[in-house]
Amino acid sequence: MSQKAERPVLQGQRIKTRKRDEKEKYDPTGFRDQVISGLEKAEDLEQISKFLDTAGNKLDYRRYGEVLFDILIAGGLLVPGGSISQDGEHPYTKACIFAASEDMDSMREQEQILIKLVRRYKYLEKMFEDEMKKVLVFIRGFQPIERVKLARMTALWISNGAVPATVLSVLNNEHLIKDSIALDFLLELFVTLKQEKGVPTLITVLKKGQMENRLLDFFPMNKQAKRELQSTIVDDIKDNKPHKEIIADIKDLSVKNSIPEHEVIVIVWTTVMSLGEWNKKEELVADQALRHLKTYNQFFQAFTTTDRSEIALILKIQEYCYENMNFMNSFYKIIVLFYKLEIISEDSILKWYREAHSPKGKMHFLEKMRPFIEWLANAEEESGSEEDE
């Protein structure tokens with residue numbers, strides 16, 4: 001009976017993997033080259049727009065969305081610091097915002113390229129927001145004229161909703177505030193918004209970007225002076241200086257650095273609250289906060305001599321209580337305490353309630369304050385009736 005011979009087996013045989021089983025290598029440079037090749041063949045903005053529209057069916061926009069936006073904004077692949085990668089034979093194209101004319105007619109035409117692209121491929125919306133946060137951090141590495149163009153285009157994108165105003169918060173960065181780079185960028189953006197859409201839109205953008213009360217943070221000396229003031233208060237308190245001397249130091253520094261009182265009171269609040277060690281239980285933190293604030297009531301009295309300062313303090317308290325959840329139900333008690341200590345007046349409280357409150361936790365804080373507001377209003381009416389008699 002014959003036996004079937006075994007087939008020989010090659011040792012170390014390499015099994016060939018099917019192409020579809022191989023994980024595609026991440027190749028941003030290759031993607032860039034394909035996009036730039038198509039852009040260079042286009043003769044005008046309309047052809048560029050058509051190319052980008054159809055290329056999305058062939059090129060992997062989902063994977064390389066950030067690279068795509070780099071090209072459309074800066075003309076090439078951005079590397080940390082804001083420079084363009086020089087890898088490859090054709091690393092750069094002039095079919096981008098940085099190479100376009102800075103006049104507003106050209107800006108509006110360029111704007112439409114990206115708007116149409118994002119509307120066509122909806123998944124690019126979030127990628128575009130992330131891209132803008134990255135690009136804005138890089139502005140120090142751009143040429144001055146490129147920053148101007150980017151500021152103008154960003155104003156257009158924010159005004160039409162292509163990107164949220166909150167992306168501007170990344171500009172509050174020390175290396176951008178230095179040498180007024182962030183400030184110059186914002187001023188150009190604000191001027192463009194005002195010219196293109198008017199003052200109401202500019203105000204709306206400031207509010208949505210949560211910048212209406214923080215613009216002075218972008219002034220280099222102002223921010224440094226505020227830090228110095230806060231540090232001085234902390235050091236004086238730790239050194240057990242009498243409160244009158246600490247107040248004198250605060251006044252001297254604020255005058256020296258031209259910090260207005262309504263900003264000083266915000267710094268005082270932030271500093272005083274940073275010195276507290278708060279209980280994690282919400283029901284205990286309110287009484288603890290009131291005792292702590294009473295200790296420093298002279299500070300608050302010294303820097304609330306104007307209505308504007310009083311409103312600034314109330315708004316800061318509202319913001320603090322909103323951002324520190326254990327204090328959500330302490331807001332009412334703190335305001336009443338400051339009213340009793342004659343730190344804030346009934347007029348300021350009523351103005352805050354009727355028109356000057358922040359949107360942060362608005363419904364919660366207004367509802368908690370309503371009984372006290374009604375009491376103030378009734379007391380005001382009774383006082384008026386007595387005067388008429």
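Hi everyone, let me start in a loop: Glu 342 sits between helix 16 and helix 17. Before I go on, please keep in mind that this is a predicted model. As a reminder, most residues other than glycine have a negative phi. Is Glu 342 buried or exposed? Glu 342 is exposed, with a relative accessible area of 70%.

You'll find Ser 258 in the loop between helix 11 (243-256) and helix 12 (261-274). Its relative accessible area is 58%, so Ser 258 counts as exposed, the cut-off being over 50%.

Now back to helix 17, which covers residues 346-356 and holds Ser 348. Here we have a serine that is buried, at a relative accessible area of 3%. What does Ser 348 touch, leaving aside neighbours within four places in sequence? The contacts are Asp 307, Glu 310, Ile 311 and Ile 314.

Let's turn to a helix pair. Helix 15 (residues 307-323) packs against helix 16 (residues 331-340) at an angle of about 155°, and the axes are 10 Å apart. Angles over 145 degrees count as roughly antiparallel, so helix 15 is roughly antiparallel to helix 16. The crossing of these two helices is right-handed. Which residues make the contact? Helix 15 brings Leu 313, Ile 314, Ile 317, Gln 318 and Cys 321, while helix 16 brings Phe 331, Ile 334, Ile 335 and Phe 338. By type, that gives eight nonpolar residues, one polar and no charged.

Finally, the cores. The largest nonpolar core has 68 residues, and the members that touch the most others are Tyr 61, Leu 150, Trp 157 and Leu 171. Helix 3 (residues 61-74) supplies the largest share of this core, with nine residues. Take Leu 150 as an example: not counting residues up to four places away in sequence, Leu 150 touches Ile 73, Phe 98, Met 132, Val 135, Leu 136, Ile 139, Phe 142 and Phe 185. There is also a second, separate core of 54 residues, and among its members are Phe 303, Leu 315, Leu 350 and Tyr 353.

Terms used. Residues numbered from 1 in each chain as written. Predicted model: local features only at pLDDT ≥ 70, side-chain atom pairs only at ≥ 80, totals over all residues. Heavy atoms only, no water. Core = buried A, V, L, I, M, F, W, Y, C linked by side-chain atoms within 4.5 Å. Buried < 20%, exposed > 50% of the residue type's maximum accessible area, 1.4 Å probe, protein only. Helix = DSSP H or I, 4+ residues; strand = E, 2+ residues; numbered from the N terminus. Contact = heavy atoms within 4.5 Å. Axes fitted to C-alpha atoms, helices over the stretch in contact; angles between N-to-C directions. Parallel < 35°, antiparallel > 145°, perpendicular 65-115°, else oblique. Left-handed = near helix turned anticlockwise from the far one by under 90°. Nonpolar A, V, L, I, M, F, W, Y, C, P; charged D, E, K, R; others polar.
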